[in-house]
Amino acid sequence: MTLQRLEPELLALTPNEKAQAIQILAQSLGNPWRGIEKNSGVCGGDACITGTRIPVWVLVNARNLGISEAQLLKDYPTLSATDLTNAWVYATVYPEEIAIATNENEED
(Lines give C-alpha, C1' and ligand atoms only; values in the text may rest on other atoms or scores of the structure.)
Protein backbone atom coordinates (compact mmCIF):
# COMPACT_ATOMS: atom_id res chain seq x y z
CA MET A 1 0.00 0.00 0.00
CA THR A 2 1.29 3.45 -0.84
CA LEU A 3 1.03 6.51 1.34
CA GLN A 4 -1.02 8.20 -1.37
CA ARG A 5 -3.65 5.44 -1.17
CA LEU A 6 -3.50 5.35 2.64
CA GLU A 7 -3.92 9.10 3.18
CA PRO A 8 -7.73 9.30 2.66
CA GLU A 9 -8.24 6.41 5.06
CA LEU A 10 -6.04 8.04 7.69
CA LEU A 11 -7.86 11.34 7.37
CA ALA A 12 -11.21 9.57 7.84
CA LEU A 13 -10.18 8.19 11.26
CA THR A 14 -11.62 9.62 14.46
CA PRO A 15 -9.27 11.72 16.60
CA ASN A 16 -8.82 8.80 19.01
CA GLU A 17 -8.04 6.41 16.14
CA LYS A 18 -5.54 8.92 14.73
CA ALA A 19 -3.80 9.10 18.12
CA GLN A 20 -3.61 5.32 18.22
CA ALA A 21 -2.20 5.25 14.68
CA ILE A 22 0.44 7.80 15.68
CA GLN A 23 1.42 5.67 18.64
CA ILE A 24 1.70 2.54 16.49
CA LEU A 25 3.85 4.36 13.93
CA ALA A 26 6.05 5.96 16.57
CA GLN A 27 6.67 2.63 18.28
CA SER A 28 7.62 1.08 14.96
CA LEU A 29 10.45 3.59 14.61
CA GLY A 30 12.24 2.16 17.63
CA ASN A 31 12.33 5.45 19.54
CA PRO A 32 8.67 6.01 20.30
CA TRP A 33 8.93 9.50 21.73
CA ARG A 34 11.75 11.28 20.06
CA GLY A 35 12.14 14.60 21.80
CA ILE A 36 10.17 13.57 24.90
CA GLU A 37 11.71 11.88 27.92
CA LYS A 38 10.66 10.74 31.35
CA ASN A 39 13.20 10.63 34.14
CA SER A 40 12.19 9.98 37.75
CA GLY A 41 14.73 12.56 38.91
CA VAL A 42 13.41 15.35 36.68
CA CYS A 43 10.06 17.09 37.27
CA GLY A 44 8.75 14.17 39.29
CA GLY A 45 9.02 11.82 36.33
CA ASP A 46 6.58 13.77 34.18
CA ALA A 47 7.12 13.69 30.42
CA CYS A 48 9.45 16.57 29.50
CA ILE A 49 11.00 18.00 26.39
CA THR A 50 14.31 16.14 26.02
CA GLY A 51 17.22 17.91 27.66
CA THR A 52 15.02 20.38 29.54
CA ARG A 53 12.94 20.62 32.68
CA ILE A 54 9.90 21.72 30.68
CA PRO A 55 7.05 19.27 31.24
CA VAL A 56 4.66 18.50 28.42
CA TRP A 57 1.71 19.21 30.72
CA VAL A 58 2.95 22.80 31.25
CA LEU A 59 2.97 23.44 27.50
CA VAL A 60 -0.42 21.80 27.00
CA ASN A 61 -1.90 23.78 29.89
CA ALA A 62 -0.50 27.01 28.45
CA ARG A 63 -1.98 26.23 25.05
CA ASN A 64 -5.34 25.44 26.68
CA LEU A 65 -5.20 28.85 28.34
CA GLY A 66 -4.89 30.45 24.90
CA ILE A 67 -1.15 31.05 24.76
CA SER A 68 0.00 30.81 21.15
CA GLU A 69 2.85 28.68 19.90
CA ALA A 70 4.70 31.84 18.95
CA GLN A 71 4.41 33.11 22.52
CA LEU A 72 5.51 29.75 23.94
CA LEU A 73 8.60 29.83 21.72
CA LYS A 74 9.32 33.34 22.93
CA ASP A 75 8.72 32.40 26.60
CA TYR A 76 10.88 29.27 26.31
CA PRO A 77 13.75 30.25 23.99
CA THR A 78 15.37 26.82 24.26
CA LEU A 79 12.32 25.22 22.61
CA SER A 80 11.85 24.72 18.89
CA ALA A 81 8.69 24.33 16.84
CA THR A 82 9.57 20.63 16.59
CA ASP A 83 9.61 20.40 20.39
CA LEU A 84 6.09 21.80 20.49
CA THR A 85 4.93 19.39 17.81
CA ASN A 86 6.40 16.50 19.78
CA ALA A 87 4.61 17.73 22.91
CA TRP A 88 1.24 18.02 21.11
CA VAL A 89 1.54 14.53 19.64
CA TYR A 90 2.52 13.06 23.00
CA ALA A 91 -0.40 14.82 24.70
CA THR A 92 -2.79 13.55 22.03
CA VAL A 93 -1.71 9.96 22.59
CA TYR A 94 -1.61 10.22 26.41
CA PRO A 95 -4.37 12.69 27.38
CA GLU A 96 -5.07 10.97 30.71
CA GLU A 97 -1.41 11.20 31.74
CA ILE A 98 -1.33 14.90 30.90
CA ALA A 99 -4.61 15.56 32.76
CA ILE A 100 -3.34 13.76 35.87
CA ALA A 101 -0.02 15.64 35.82
CA THR A 102 -1.82 18.95 35.35
CA ASN A 103 -4.23 18.26 38.21
CA GLU A 104 -1.47 17.07 40.56
CA ASN A 105 0.72 20.09 39.86
CA GLU A 106 -2.05 22.69 40.01
CA GLU A 107 -2.95 21.51 43.51
CA ASP A 108 0.51 22.51 44.82
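Which residues in helix 3 meet which residues in helix 5? Val56, Leu59, Val60 and Arg63 in helix 3 meet Leu84, Ala87, Trp88, Tyr90 and Ala91 in helix 5, where contact means heavy atoms within 4.5 Å and helices (H or I, at least four residues) and strands (E, at least two) are DSSP runs numbered from the N terminus. The residues of this contact of helix 3 with helix 5 divide into 8 nonpolar, no polar and 1 charged, with Ala, Val, Leu, Ile, Met, Phe, Trp, Tyr, Cys and Pro counted as nonpolar, Asp, Glu, Lys and Arg as charged, and the others, Gly among them, as polar.

The model is predicted, and local features need pLDDT of at least 70, side-chain atom pairs count only at pLDDT 80 or more, while totals for chains, interfaces and linings use all residues. Residues are numbered from 1 along each chain as its sequence is written, and side-chain values use heavy atoms, with hydrogens and water left out.

Helix 3 (residues 56-64) and helix 5 (residues 81-93) pack at an angle of about 90°, with their axes 10 Å apart; the axes are lines fitted to C-alpha atoms, for helices over the stretch in contact, and angles run from 0 to 180 degrees between N-to-C directions. That makes helix 3 roughly perpendicular to helix 5, a description that applies from 65 to 115 degrees, whereas angles under 35 count as roughly parallel, over 145 as roughly antiparallel and the rest as oblique. Within helix 3, Val56, Trp57, Leu59, Val60, Asn61 and Ala62 are buried, which means under 20% relative accessible area, with exposed meaning over 50% and partly exposed in between (1.4 Å probe, protein chains only). Helix 3 is followed by Gly66, whose phi is positive, near 100°.

In helix 5 lies Asp83, which counts as buried at 15% relative accessibility. Leaving aside residues up to four places away in sequence, Asp83 touches Ile49 and Thr78.

A search of the whole structure finds 1 salt bridge, defined as a side-chain nitrogen of Lys or Arg within 4 Å of a carboxyl oxygen of Asp or Glu. The side chains of Lys38 and Glu97 form this pair (3.3 Å, N to O), which links distant parts of the chain, with Lys38 in the loop between strand 1 (36-37) and strand 2 (48-49) and Glu97 in helix 6 (residues 95-107), 59 residues apart.

The count of disulfides comes to 0, a disulfide being a pair of cysteine sulfur atoms within 2.5 Å. The sulfur of Cys48 is 3.8 Å from the closest cysteine sulfur, in Cys43, and therefore too far for a bond.
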